[in-house]
Amino acid sequence: MFDDRDRKILDLLQNDASLAISDLAERVNLSISACSRRIQRLEEEGFIARRVVLLDRPLMGLPTTMFVIVRTARHSAEWLEQFRKAINDIPEIVEVHRMTGTIDYILKLVLPRVEAYDGIYKTLVEKVEFFDISASVSMEILKATTAVPTRYVR
(Lines give C-alpha, C1' and ligand atoms only; values in the text may rest on other atoms or scores of the structure.)
Protein backbone atom coordinates (compact mmCIF):
# COMPACT_ATOMS: atom_id res chain seq x y z
CA MET A 1 0.00 0.00 0.00
CA PHE A 2 1.36 3.41 -1.02
CA ASP A 3 0.17 6.56 0.76
CA ASP A 4 0.90 10.27 1.14
CA ARG A 5 3.63 9.64 3.72
CA ASP A 6 5.40 7.35 1.27
CA ARG A 7 5.16 10.10 -1.36
CA LYS A 8 6.58 12.64 1.09
CA ILE A 9 9.42 10.28 2.04
CA LEU A 10 10.30 9.77 -1.62
CA ASP A 11 10.07 13.48 -2.38
CA LEU A 12 12.37 14.31 0.53
CA LEU A 13 14.88 11.56 -0.31
CA GLN A 14 14.96 12.60 -3.98
CA ASN A 15 15.92 16.07 -2.87
CA ASP A 16 18.49 14.93 -0.29
CA ALA A 17 19.21 11.22 0.22
CA SER A 18 21.61 12.08 3.04
CA LEU A 19 18.83 13.27 5.34
CA ALA A 20 19.17 11.72 8.77
CA ILE A 21 16.40 9.22 9.48
CA SER A 22 15.43 11.27 12.54
CA ASP A 23 14.94 14.41 10.40
CA LEU A 24 13.03 12.47 7.79
CA ALA A 25 10.78 10.85 10.41
CA GLU A 26 10.03 14.24 11.95
CA ARG A 27 9.13 15.78 8.58
CA VAL A 28 6.66 12.99 7.77
CA ASN A 29 5.32 12.76 11.34
CA LEU A 30 6.43 9.18 12.02
CA SER A 31 8.58 7.50 14.62
CA ILE A 32 12.14 6.76 13.56
CA SER A 33 11.48 3.00 13.49
CA ALA A 34 8.25 3.38 11.47
CA CYS A 35 9.99 5.68 9.00
CA SER A 36 12.91 3.28 8.70
CA ARG A 37 10.53 0.37 8.00
CA ARG A 38 8.78 2.39 5.29
CA ILE A 39 12.07 3.22 3.60
CA GLN A 40 13.09 -0.44 3.73
CA ARG A 41 9.73 -1.43 2.20
CA LEU A 42 10.06 1.22 -0.52
CA GLU A 43 13.51 -0.20 -1.34
CA GLU A 44 12.29 -3.81 -1.35
CA GLU A 45 9.32 -2.91 -3.58
CA GLY A 46 11.66 -1.16 -6.03
CA PHE A 47 10.40 2.40 -5.59
CA ILE A 48 13.89 3.34 -4.42
CA ALA A 49 16.13 1.90 -7.11
CA ARG A 50 19.40 3.14 -5.59
CA ARG A 51 20.94 6.03 -3.71
CA VAL A 52 23.63 8.04 -5.42
CA VAL A 53 25.76 11.14 -4.99
CA LEU A 54 25.42 13.85 -7.63
CA LEU A 55 28.70 15.52 -8.43
CA ASP A 56 29.16 19.17 -9.38
CA ARG A 57 30.07 18.85 -13.06
CA PRO A 58 31.97 22.15 -13.42
CA LEU A 59 34.06 21.31 -10.35
CA MET A 60 34.67 17.86 -11.87
CA GLY A 61 35.96 19.56 -15.03
CA LEU A 62 32.89 18.61 -17.12
CA PRO A 63 30.95 21.83 -17.75
CA THR A 64 29.95 21.06 -21.35
CA THR A 65 26.81 19.14 -22.31
CA MET A 66 26.34 17.83 -25.83
CA PHE A 67 23.47 15.96 -27.41
CA VAL A 68 24.30 13.61 -30.24
CA ILE A 69 21.61 12.52 -32.69
CA VAL A 70 22.19 9.12 -34.26
CA ARG A 71 20.49 7.57 -37.26
CA THR A 72 21.33 4.08 -38.38
CA ALA A 73 20.57 2.13 -41.53
CA ARG A 74 20.80 -1.15 -39.62
CA HIS A 75 18.46 -2.30 -36.88
CA SER A 76 19.72 -5.83 -36.31
CA ALA A 77 20.39 -7.40 -32.93
CA GLU A 78 24.08 -7.60 -33.89
CA TRP A 79 24.25 -3.86 -34.62
CA LEU A 80 22.43 -3.03 -31.40
CA GLU A 81 24.86 -5.16 -29.39
CA GLN A 82 27.85 -3.39 -31.00
CA PHE A 83 26.23 -0.04 -30.23
CA ARG A 84 25.50 -0.98 -26.61
CA LYS A 85 29.09 -2.08 -26.10
CA ALA A 86 30.47 1.08 -27.69
CA ILE A 87 28.35 3.45 -25.60
CA ASN A 88 28.94 1.52 -22.38
CA ASP A 89 32.70 1.82 -22.88
CA ILE A 90 32.57 5.64 -23.04
CA PRO A 91 31.97 7.20 -19.59
CA GLU A 92 31.31 10.65 -21.07
CA ILE A 93 28.08 9.27 -22.53
CA VAL A 94 25.75 9.55 -19.55
CA GLU A 95 22.39 8.86 -21.21
CA VAL A 96 21.19 7.14 -24.37
CA HIS A 97 17.58 6.96 -25.50
CA ARG A 98 16.05 5.00 -28.39
CA MET A 99 13.60 7.33 -30.08
CA THR A 100 10.52 7.25 -32.27
CA GLY A 101 10.37 9.16 -35.52
CA THR A 102 13.28 10.01 -37.78
CA ILE A 103 15.90 9.93 -35.02
CA ASP A 104 16.98 6.48 -33.86
CA TYR A 105 18.99 7.42 -30.76
CA ILE A 106 19.88 10.52 -28.78
CA LEU A 107 22.98 10.54 -26.59
CA LYS A 108 23.76 12.95 -23.78
CA LEU A 109 27.46 13.59 -23.23
CA VAL A 110 29.29 15.50 -20.52
CA LEU A 111 32.65 16.87 -21.57
CA PRO A 112 35.44 19.15 -20.38
CA ARG A 113 35.11 21.21 -23.57
CA VAL A 114 33.48 20.98 -27.00
CA GLU A 115 36.71 19.87 -28.66
CA ALA A 116 36.69 16.65 -26.61
CA TYR A 117 33.71 15.48 -28.66
CA ASP A 118 36.00 14.72 -31.61
CA GLY A 119 37.62 11.85 -29.70
CA ILE A 120 34.24 10.43 -28.70
CA TYR A 121 33.02 10.71 -32.29
CA LYS A 122 36.09 8.90 -33.66
CA THR A 123 35.71 6.14 -31.07
CA LEU A 124 32.04 5.61 -31.94
CA VAL A 125 32.43 5.53 -35.73
CA GLU A 126 35.40 3.19 -35.40
CA LYS A 127 33.28 0.67 -33.47
CA VAL A 128 29.83 1.06 -35.04
CA GLU A 129 28.46 1.86 -38.50
CA PHE A 130 26.05 4.82 -38.60
CA PHE A 131 23.90 6.37 -41.29
CA ASP A 132 24.15 9.85 -39.77
CA ILE A 133 25.50 11.49 -36.61
CA SER A 134 25.03 15.12 -35.66
CA ALA A 135 25.84 16.90 -32.43
CA SER A 136 24.55 19.99 -30.67
CA VAL A 137 26.05 21.86 -27.75
CA SER A 138 23.80 22.86 -24.88
CA MET A 139 24.15 26.60 -24.40
CA GLU A 140 22.27 26.81 -21.10
CA ILE A 141 20.55 24.41 -18.73
CA LEU A 142 17.07 25.73 -18.00
CA LYS A 143 15.99 22.75 -15.91
CA ALA A 144 17.86 19.70 -14.71
CA THR A 145 16.65 17.32 -12.07
CA THR A 146 16.87 13.68 -11.19
CA ALA A 147 13.62 13.84 -9.21
CA VAL A 148 10.48 12.31 -10.68
CA PRO A 149 6.93 13.21 -9.67
CA THR A 150 5.46 10.90 -7.05
CA ARG A 151 1.82 11.82 -7.60
CA TYR A 152 1.21 9.06 -10.18
CA VAL A 153 1.89 6.11 -7.87
CA ARG A 154 -1.25 4.29 -6.77
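Colleague: How does Glu43 count in terms of relative accessibility?
Modeller: Glu43 counts as partly exposed, because its relative accessibility is 34%, and please keep in mind throughout that this is a predicted model.

Colleague: And which side chain does Glu43 meet in a salt bridge?
Modeller: The side chain of Glu43 meets that of Arg51, with an N to O distance of 2.8 Å, and Arg51 is also partly exposed, since its relative accessible area is 44%.

Colleague: How many salt bridges does a search of the whole structure find?
Modeller: The search finds nine salt bridges, and one of them joins Asp6 to Arg38, where the closest N and O atoms are 2.9 Å apart. Asp6 belongs to helix α1 and Arg38 to helix α3, so this pair ties together parts that lie 32 residues apart in sequence.

Colleague: Is Asp6 buried or exposed, then?
Modeller: Asp6 counts as buried, because its relative accessibility is 0%, and Arg38 is buried as well, with a relative accessible area of 17%.

Colleague: Which other residue forms a salt bridge with Asp6?
Modeller: Arg41 does, and the closest N and O atoms of that pair are 2.8 Å apart. This pair links distant parts of the chain too, with Arg41 in helix α3 and Asp6 in helix α1, 35 residues apart. Arg41 counts as partly exposed, at 21% relative accessibility.

Colleague: Changing topic, what volume does the largest pocket have?
Modeller: The volume of the largest pocket is about 1600 Å³, and of the 43 residues that line this pocket, the closest to its centre are Val52, Leu54, Thr145, Thr146 and Ala147.

Colleague: How do the residues of that lining divide into nonpolar, polar and charged?
Modeller: The lining of the largest pocket has 26 nonpolar, nine polar and eight charged residues. At least two residues of the lining come from each of α1 (4-15), β1 (64-71), β2 (93-98) and β3 (105-111).

Colleague: What about the surface, which residues make the nonpolar patch of about 340 Å²?
Modeller: That patch is made by Val53, Leu55 and Met60. Val53 has its place in the loop between α3 (32-44) and β1, and Val53 is exposed because its relative accessible area is 68%, where exposed means over 50%.

Colleague: Where is the place of Arg50?
Modeller: Arg50 is likewise in the loop between α3 and β1, and Arg50 counts as exposed, at 70% relative accessibility. From C-alpha to C-alpha, Arg50 and Val128 are 31 Å apart in space, while in sequence they are 78 residues apart.

Note on methods
Residues are numbered from 1 along each chain as its sequence is written. This is a predicted model: local features need pLDDT of at least 70, side-chain atom pairs count only at pLDDT 80 or more; totals for chains, interfaces and linings use all residues. Side-chain values use heavy atoms; hydrogens and water are left out. On a 1 Å grid over the protein atoms alone, a cavity is a set of points where a 1.4 Å probe fits but cannot get out, and a pocket is an open set with protein on both sides within 12 Å along at least five of seven lines; lining residues have an atom within 4 Å of a point. Grid points are joined across faces, edges and corners, and a volume is the space filled by probe spheres set on the points. Helices (H or I, at least four residues) and strands (E, at least two) are DSSP runs, numbered from the N terminus. Ala, Val, Leu, Ile, Met, Phe, Trp, Tyr, Cys and Pro count as nonpolar, Asp, Glu, Lys and Arg as charged, and the others, Gly among them, as polar. Patches are made of residues with over 30% relative accessible area and no salt bridge: like charges are joined within 9 Å, nonpolar side chains (Val, Leu, Ile, Met, Phe, Trp, Tyr) within 5 Å. Accessible areas come from the Shrake-Rupley method with a 1.4 Å probe; for residues, only the protein chains shown count as cover. A salt bridge is a side-chain nitrogen of Lys or Arg within 4 Å of a carboxyl oxygen of Asp or Glu. Buried means under 20% relative accessible area, exposed over 50%, partly exposed in between (1.4 Å probe, protein chains only).
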